[in-house]
Amino acid sequence: MDDQNKNLLLATVLSGVVLVIWFVLFPPEEPVQDPNAPAVTEQTVGDQPAIASGDLPTADGATTAAPELSSEEDAPRIQVQTDRIAGSISLLGGRVDDIQLLDYDVTTDPDSENVQVLSRVGSPNAYYALFGWAPVDGIDAANVPGPETLWSAPADAVLTQNSPVTLTWDNGVGQIFTRVMEIDDDFMFRMTQTVENTSDTPISVRPYGIVRRHGEPETRKFFILHEGLIRMSDGQLQELDYKALGKMDIDDREGTNAERVEVEQNGWIGFTDHYWQTILIPDGDAPFRSTAKFFESREIYQAEAVLPAVTVAAGETAEAGTRLFTGAKEWATLKHYEEDEGVNGFVDSIDWGWFFYFTKPIFWMLHNLNALIGNMGWSIIALTVVIKALVLPLAYKSYASMARMRELQPEMEKLKESAGDDRMKMQQGMMELYKKNKVNPASGCLPMLIQIPIFFSLYKVIFVTMELRHAPWFGWIQDLSAPDPSSILNLFGLLPFAAPSPESFLAIISLGILPILLGISMWLQQKLNPAPTDPAQAMIFAWMPWVFMFMLGNFASGLVLYWITNNTITFIQQYLIMRSHGYKPDVFGNIKKSFAKKKKKEA
């Protein structure tokens, strides 16, 4: 038995060392804003005729007949200005390539710049959206608008939520293309593309939308968060990270790494980041081709939505519409687009994770509490109280069962003496004792089993949802999605030097106020009961609160706040339930005993 205890203690210590080293080598990264994006090629949707892969814009930035221009910086631009978005659109190709979010800053610094979602060609990790027509029959690639088409627009045009802008381009051989650009009060553009055929012969063309990302963006690279391509295809959600996109098979029809999905009724496709996303959403319930691509030679990632081909007779006009969402993944905004504007499954572009059946209701509750209270920190505390109230009946049964087991302690000790080394007799006697007194020894584990998925779900909510980003609580906690910025190493700001940066090897011991309170709350919770008589178990229990304190020290402040509140409520519940069953926990006595043991060892 002594050897088993030693092995258990050694395994526990080694596990703690591994966890500490892991957090030193791979500390949680600071949030980063997104830039970047990619291009397209193409073929058939449903029964529509095939299109040569070179007829859509390729990774080289052109259709087959047009060279890449070097005058991107000199191209005229249309300003975009709404209450929530600022930026511009290049008339060269009609690229949506310069979008900043006015409601969101890169950091919590008052002088911080706004988050840049889309960025121009030529900038690091360029990221933009393109729209156009691919030729099918009766028209050459050089005579349809593409990335190098220079569109015309009214002088001094500004795109706002109240003033659409119309672009025009005459190819000079009988077709006039127009693009009406609109934007709503949030983050949704609408591109209505029209082709008027003034020639004597019919043409067949196919409208498309592209989101293109140059190079892999800087991501969080955290296993619980998806960043990369995301698409909804007839109710089926698919997520492909950048590594998976690079490993797609070569599609001979596309001439590069690609994966096609023929969407029959509704869907969308684009790229999602930690807090932002850029998504193409074809209008209506028409079928379209959803294609993910990767051009290895240029390291370009691309998402495209290619609509069915349309035949435009002489003297007739054809129209197609595609929406473009580029902005923050706000739950309420995505819900509005899903429920009121028919964007199927749009709320699921937030990465709810495997425990979505917990994550979604927890976030819904937190969102509504925040709407009522007006402070996300106090809302987390209120959420914890609600959750503890919901599981109170189960917790009561568990703590009551634990209290009854303590009442049986004298009889169990007698049973141990009478059984001696006969383990079978000991187990049979204990089972009879439990059955006689209607005690379930496993019931004490139930609250913890329920708490685990709730804990991970709340962690997911705090980590991935937009609403927690830069959300203040009070005092020094100004971002509940980031670790506690205070540090014991500078006495929480009293000493005249800054706390170690997250990259420093000292970060693991640079504990803030909240992690320390977490350790204390766990330690006090243990003191409701006497220390285990087994020395190995006693050692494990003694170190556990402080190991957790260091482990969770660099976690989001909101999660640590939840855990402190949960521990505090659990302490109160357990104390009162024990008292109601005639057992008075000697908290102060247990604390004195723990210090007395330390003094005795030191002596």
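In which sense do strands E11 and E15 pair, and over how many bridges? In this predicted model, the two strands, E11 and E15 (residues 267-272), are joined in the antiparallel sense over six bridges.

**Figure 1. Strand E11 and its pairing with strand E15.** Strand E11 spans residues 228-233. Its pairing with E15 is antiparallel and comprises six bridges. Within this view, Leu229 lies opposite Phe271 of E15. Six of the six residues of E11 are buried, so the strand is largely enclosed by the rest of the structure.

**Figure 2. The hairpin of strands E11 and E12.** Strand E12 covers residues 236-241 and pairs with E11 in the antiparallel sense, over six bridges. Ser233 has Gln236 in E12 as its bridge partner. Two residues stand between the strands of this hairpin, and Asp234 adopts a positive phi near 55°.

**Figure 3. The open sheet of eight strands.** The strand order is E7-E8-E9-E20-E16-E15-E11-E12, and the pairing is antiparallel. From one strand to the next, the twist averages 15°. In general, the strands of a sheet pair through backbone hydrogen bonds, in either a parallel or an antiparallel manner.

**Figure 4. Pairing of strands E8 and E9.** Strand E8 (residues 175-183) and strand E9 (residues 188-197) run antiparallel and are joined by nine bridges. Glu182 is placed opposite Arg190 in E9.

**Figure 5. Packing of helices H4 and H5.** The packing of two helices is described by the angle between their axes and the distance between the axes. For helix H4 (residues 356-373) and helix H5 (residues 376-390), the axes come within 9 Å and cross at roughly 125°. The two helices, H4 and H5, are therefore oblique to each other. The crossing of H4 past H5 is right-handed.

**Figure 6. Residues in the contact of H4 with H5.** On the H4 side, the contact involves Ile362, Met365, Leu366, Leu369, Asn370 and Ile373. These residues meet Met376, Trp378, Ser379, Ile380, Ala382, Leu383 and Val386 in H5. By class, the residues of this contact divide into eleven nonpolar and two polar, with no charged residue.

Technical notes. Residues are numbered from 1 along each chain as its sequence is written. This is a predicted model: local features need pLDDT of at least 70, side-chain atom pairs count only at pLDDT 80 or more; totals for chains, interfaces and linings use all residues. Side-chain values use heavy atoms; hydrogens and water are left out. Axes are lines fitted to C-alpha atoms, for helices over the stretch in contact, and angles run from 0 to 180 degrees between N-to-C directions. Helices (H or I, at least four residues) and strands (E, at least two) are DSSP runs, numbered from the N terminus. Angles under 35 degrees count as roughly parallel, over 145 as roughly antiparallel, 65 to 115 as roughly perpendicular and the rest as oblique. A crossing is left-handed if the near helix is turned anticlockwise from the far one by less than a right angle, and right-handed if clockwise. Contact means heavy atoms within 4.5 Å. Ala, Val, Leu, Ile, Met, Phe, Trp, Tyr, Cys and Pro count as nonpolar, Asp, Glu, Lys and Arg as charged, and the others, Gly among them, as polar. Buried means under 20% relative accessible area, exposed over 50%, partly exposed in between (1.4 Å probe, protein chains only). Two strands pair if DSSP finds at least two bridges between them.
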